[in-house]
2 protein chains.
Amino acid sequence: MKVTVVGLGVIGGSFVKALKGKGFEVYGIDSDVDTLEQAKEEGCIIDGFTDGVQIIPETDLTIICLYPSLVIDFIKKNHFKAGSIISDAVGIKSYFLNEVLQLLPDNVEYISVHPMAGREKKGYAYASKEVFKDANFIIIEHQKNKSESIKKMQYLASQLGFHSTKIMSPYDHDEIISYTSQLPHILAVALMNSDTQKYNTGKYIGDSFRDLTRIANINEDLWTELFLNNKKYLLSSIKNFKNQLDIMEKAISENDEEILKDRFRESSHRREHL
Amino acid sequence: MKVTVVGLGVIGGSFVKALKGKGFEVYGIDSDVDTLEQAKEEGCIIDGFTDGVQIIPETDLTIICLYPSLVIDFIKKNHFKAGSIISDAVGIKSYFLNEVLQLLPDNVEYISVHPMAGREKKGYAYASKEVFKDANFIIIEHQKNKSESIKKMQYLASQLGFHSTKIMSPYDHDEIISYTSQLPHILAVALMNSDTQKYNTGKYIGDSFRDLTRIANINEDLWTELFLNNKKYLLSSIKNFKNQLDIMEKAISENDEEILKDRFRESSHRREHL
């Protein structure tokens with residue numbers, strides 16, 4: 001099977017690195033020729049291209065690892081092989097999938113995926129097959145998908161080294177992701193920005209603060225797009241969070257030990273059973 | 001200098017492990033004889049005791065690594081050497097220090113410290129000198145402290161392997177800690193408890209969720225005590241956080257890209273310069 005990964009950044013780069021030696025014919029597309037050269041030298045791709053003109057019409061599985069708006073551009077510009085599968089790794093799915101499905105001809109199949117792994121750092125240099133190890137992989141199924149194609153993507157996930165693969169609708173995906181991925185980013189940003197800066201903060205932090213703010217270093221364009229296009233679910237997740245925060249704030253204010261301890265027992269139990 | 005560490009849990013255990021081979025005469029007190037035996041076998045303590053009757057009257061520096069209320073009990077029960085220093089590693093300082101200073105005779109000096117390092121897991125088995133490496137150490141200075149005693153504690157911190165040592169008042173300590181340590185714990189608990197549990201959450205998380213909820217597994221008795229005794233500062237830190245969260249919630253609700261991007265640029269800048 002001929003696989004072309006489009007965009008060899010931290011996710012696309014990790015794809016080609018993880019696919020090395022797994023029996024796929026892997027090609028890469030990137031605007032940066034040095035990156036293509038490096039991936040080729042490392043034996044992660046057979047060949048590299050700066051556009052899809054030559055390789056996409058021959059590709060069985062195209063995985064587009066670009067920003068959401070650039071995925072749309074790439075689909076519009078390229079001619080895909082009949083019977084081939086096209087995929088992406090965009091962080092939200094429902095708004096995006098509606099747009100993509102309208103663009104594509106009937107003789108190709110679109111299966112969006114979400115590899116739940118990433119790094120704060122951008123670029124091929126930070127790509128690594130290790131990020132997929134023990135990580136979760138989500139396959140987004142829609143009405144036009146064939147079960148054999150879904151199976152192909154499940155096989156791909158297992159070959160990439162993912163620990164768990166789940167299949168779900170784009171709506172379910174966007175709902176759960178608003179809680180497990182988007183809300184944590186919002187909280188990290190709010191925590192970082194709520195510093196009064198009265199002290200030299202860096203001298204008074206431990207691992208908990210470091211862990212909770214790691215993702216406060218955030219790609220502003222990408223995440224603004226992801227948040228605004230998942231508004232309904234994200235606002236609901238923020239609301240649920242604020243309810244819990246309010247319960248604790250009130251308990252602290254009223255010296256209510258029992259409510260605090262109850263909330264701590266609950267969170268400890270949930271975290272242990274995650 | 002004869003140093004006795006009281007309570008060989010994850011922090012006290014890390015103290016004795018980090019002090020090994022640094023030229024101090026180190027003793028340990030713990031209610032668990034197996035822990036004392038293990039620490040002795042590992043060469044981390046010269047000898048171990050289940051109470052302070054014999055060793056405390058001979059000790060130059062007593063470091064009490066127990067829960068806040070147990071620190072008070074230990075001080076009440078023991079007879080300290082004239083001219084010796086007594087310290088603790090309790091997470092908040094002002095309410096605690098007032099109480100302790102009233103208990104102690106004038107011929108001993110109390111210097112509270114806060115090693116900003118820890119683990120979610122409890123007990124000597126999880127203690128390690130590695131947790132202090134590159135970590136922050138805070139020395140709490142009050143009116144009765146002598147500068148030479150403060151210098152002794154600075155030397156101790158450097159020998160323990162801490163990267164940075166800061167000296168501050170108990171009030172300043174409690175204010176900054178309400179933001180850098182207590183608020184992150186509150187947020188982690190609220191995030192964990194705000195799960196609607198509609199999905200099998202563990203299958204849809206990545207490192208960001210794991211990082212932000214690690215400390216949601218929280219010791220309910222200890223942290224309830226720490227939070228309620230630092231109420232004023234903690235409520236203020238929660239308020240500052242909620243202001244930032246509200247700004248983003250409103251921006252998402254109103255599709256205000258500019259405000260979101262501004263908040264993300266600010267948090268990224270702050271996180272990079274931490």
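A salt bridge is a side-chain nitrogen of Lys or Arg within 4 Å of a carboxyl oxygen of Asp or Glu. A search of the whole structure finds 32 of them over all chains. This is a predicted model, in which local features need pLDDT of at least 70, side-chain atom pairs count only at pLDDT 80 or more, and totals for chains, interfaces and linings use all residues. Residues are numbered from 1 along each chain as its sequence is written, chains are lettered from A in the order in which they are written, and side-chain values use heavy atoms, without hydrogens and water.

**View 1. A salt bridge between chains.** B:E220 pairs with A:R265. Their closest N and O atoms are 2.8 Å apart. B:E220 lies in helix α8 (residues 220–228) of chain B, and A:R265 in helix α10 of chain A. Helices are DSSP runs (H or I, at least four residues), as are strands (E, at least two), numbered from the N terminus.

**View 2. The interface of chain A and chain B.** Here 84 residues of chain A contact 83 residues of chain B, contact meaning heavy atoms within 4.5 Å. The buried area is about 8,700 Å²; this is the accessible area (1.4 Å probe) that two parts lose on being put together, summed over both. Carbon and sulfur atoms give 63% of that area. The rule finds 12 salt bridges across the interface.

View 3. Elements that give two or more residues to the side touching chain B include β8 (136–140), β9 (164–168) and α6 (170–193) of chain A. α6(A) gives the most, with 18 residues. By class, this side has 37 nonpolar, 22 polar and 25 charged residues. Ala, Val, Leu, Ile, Met, Phe, Trp, Tyr, Cys and Pro count as nonpolar, Asp, Glu, Lys and Arg as charged, and the others, Gly among them, as polar.

**View 4. Helices α9(A) and α10(A).** Their axes come within 8 Å and cross at roughly 145 degrees. Axes are lines fitted to C-alpha atoms, for helices over the stretch in contact, with angles from 0 to 180 degrees between N-to-C directions. From α9(A), A:Q244, A:I247, A:M248, A:A251 and A:I252 make the contact. A:I259, A:L260, A:R263 and A:F264 of α10(A) meet them. The contact has seven nonpolar, one polar and one charged residues.
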